[in-house]
Amino acid sequence: MSSTLNNIEFLSPRLVGERFSGHAIPLEVLRDLAVLEEMLVETAKWEYLHEHPGRQRIPRGFTNGVSLKLTGIEEGSAIPKIALFFTLAETSLDLFPSDNAHYFHQAKNSIINAVNAAEQNRDVKEYLPENLLCYFDRIGRSLRDGESLELNPADTAQPARLNRTTRRKLLLASSNVMELTEEITLRGSIPAADQAKMTFDLHIISGPTVSAPISPQHCDIVKEAFMRYGNGGIVMLQGIGRFNRNNRLQSIDSVEHISLLDSNDVLVQLDELRSLENGWLDGEGVAPGKEGLDWLVGYFETYYSDELPVPCIYPTPEGGVQIEWALNAYEISLAVNLNNHKGDFHALNMSNDNEILKSFDFNKPDDCVLLNQEIKAISEAEA
Amino acid sequence: MIDSTLMLRQIHPSFIKQGQITSQAFRPTTKDNSKLSVYDHDMISAEKAYEHYTKELLKSSAGIMAVNVKECNELNLPVLSDPAPFPEHALIDFSEYSYPQSEKLAKKLRQKAVERDWLYVCKNRFDSL
């Protein structure tokens with residue numbers, strides 16, 4: 001018996017955030033959407049058994065021929081249109097997909113309701129059982145701060161906003177979830193590597209030491225960093241980390257990218273400041289805040305040109321940082337307030353006492369670019 | 001205290017990166033009442049000043065650098081004996097200056113101190129200097 005594909009529009013979730021502007025969805029986010037299909041199938045099965053309490057198992061072929069497919073991305077903000085496909089027998093007289101569609105729609109609604117409940121601090125288990133909540137470990141994992149996936153954007157009052165906060169609530173609502181996974185970017189050194197087990201230890205700057213797997217494609221870099229341990233062998237690692245319920249990193253599940261860094265890399269220097277505690281300056285001295293350091297990491301990654309000289313970064317007693325460059329005859333310092341993201345720039349020509357004084361407001365993109373221009377101009381002035 | 005008298009400055013470990021010393025090490029912090037604390041080298045050696053600072057005052061130091069009285073005076077920074085906390089204590093007075101003048105003067109002092117090089121380095125900190 002031949003069959004045909006029949007599809008119905010099923011879901012049009014909206015991705016909110018700067019990364020999704022311009023009618024584009026990063027491939028890593030599509031990975032999250034792929035897990036949604038797994039969750040829907042399992043939730044539909046649960047819905048069926050819920051409606052048929054006398055049955056021990058779902059009917060044979062319940063999920064055969066059912067799949068979710070991305071059929072397009074709407075113009076404007078990134079709204080992936082996801083259709084549910086059913087394979088129907090050609091002889092079927094039904095104009096609509098099989099009765100099973102009912103359970104898939106119920107499953108969709110249960111997931112939407114659970115996400116809304118998480119956002120409204122209500123009991124998510126009213127809508128989904130604990131075992132199904134575990135799927136949120138992989139759905140929404142690629143979302144960053146300030147980003148969200150609205151599963152039901154048509155309902156502006158309750159759009160079922162999955163973000164880092166609601167995802168965590170959904171996961172922690174399940175007592176089955178002992179550990180959570182998150183995307184991580186870490187910097188550290190490699191004090192130990194085990195070629196038999198294909199694992200290595202990453203000693204995170206200002207953090208714990210955790211174990212990670214060695215992928216064949218990363219073997220050379222891991223070996224080199226291991227050989228240079230204690231002598232500048234710092235790596236930057238991006239991958240998936242496994243955290244306990246108290247948000248402490250336990251291990252690294254997978255490594256997607258790993259690369260060697262210069263020991264004076266600004267991001268390494270900023271990580272080193274994370275270990276400071278209040279009173280670091282002989283009882284005085286405010287420790288730089290995590291949020292402020294995260295912001296400065298973002299600033300350097302986004303705005304500071306790789307072609308410019310690497311500065312030295314020091315803590316200030318007030319809880320900020322002072323960034324310094326020695327360029328040609330100039331001694332340059334930039335005192336940065338990590339709370340308001342403003343900086344005082346002072347450059348002194350040690351030969352002729354010429355001074356350049358400026359104030360930067362790094363909340364303004366123009367000022368971020370101006371710092372690059374200033375450093376470039378000074379570095380080229382007497383080169 | 002004469003022109004050539006060295007004023008010993010303890011350098012906090014957090015004020016050194018890649019062997020470079022921040023200008024902050026040579027200007028007073030807000031708690032210092034605009035005066036930079038130093039030791040009078042005519043009265044105490046660099047090694048003894050380090051021991052006093054780290055073992056008696058229980059403060060952190062990676063080592064000692066120095067500027068002399070003449071270098072301070074040329075920058076219009078008065079140098080004052082201040083034996084109240086302990087006999088060898090002295091002050092470089094920045095009270096006439098606020099930011100950014102104090103930052104300029106700190107860079108000038110650092111230049112002189114770096115040209116003179118370390119007078120004493122904590123033994124287990126050679127790697128970071």
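In this predicted model, chain A contains an open sheet of five strands, arranged in the order E12-E13-E14-E15-E16 with antiparallel pairing. Strands E12 (312-315) and E16 (355-361) of chain A form the edges of the sheet; each has a single partner strand, so one side of each remains without a neighbour in the sheet. On average, and with direction ignored, neighbouring strands of this sheet are turned by 20° against each other.

Within the sheet, strand E14 (residues 330-337) of chain A pairs with strand E15 (residues 342-349) of chain A in the antiparallel sense, over eight bridges. Tyr330(A) is found opposite Asn349(A) in E15(A).

A helix pair is found elsewhere in the description of chain A. Two packed helices are described by the angle between their axes and the distance between the axes. Helix H2 (residues 100-119) and helix H4 (residues 164-172) of chain A pack at an angle of about 105°, with their axes 9 Å apart. H2(A) is therefore roughly perpendicular to H4(A). The residues that make the contact are listed by helix below.

| Helix | Residues in the contact |
|---|---|
| H2(A) | Ala114(A), Val115(A), Ala118(A), Glu119(A) |
| H4(A) | Thr166(A), Lys169(A), Leu170(A) |

How values were computed
Residues numbered from 1 in each chain as written. Chains lettered and ligands numbered in written order. Predicted model: local features only at pLDDT ≥ 70, side-chain atom pairs only at ≥ 80, totals over all residues. Pairing = 2+ DSSP bridges. Helix = DSSP H or I, 4+ residues; strand = E, 2+ residues; numbered from the N terminus. Axes fitted to C-alpha atoms, helices over the stretch in contact; angles between N-to-C directions. Parallel < 35°, antiparallel > 145°, perpendicular 65-115°, else oblique. Contact = placed C-beta atoms within 7 Å.
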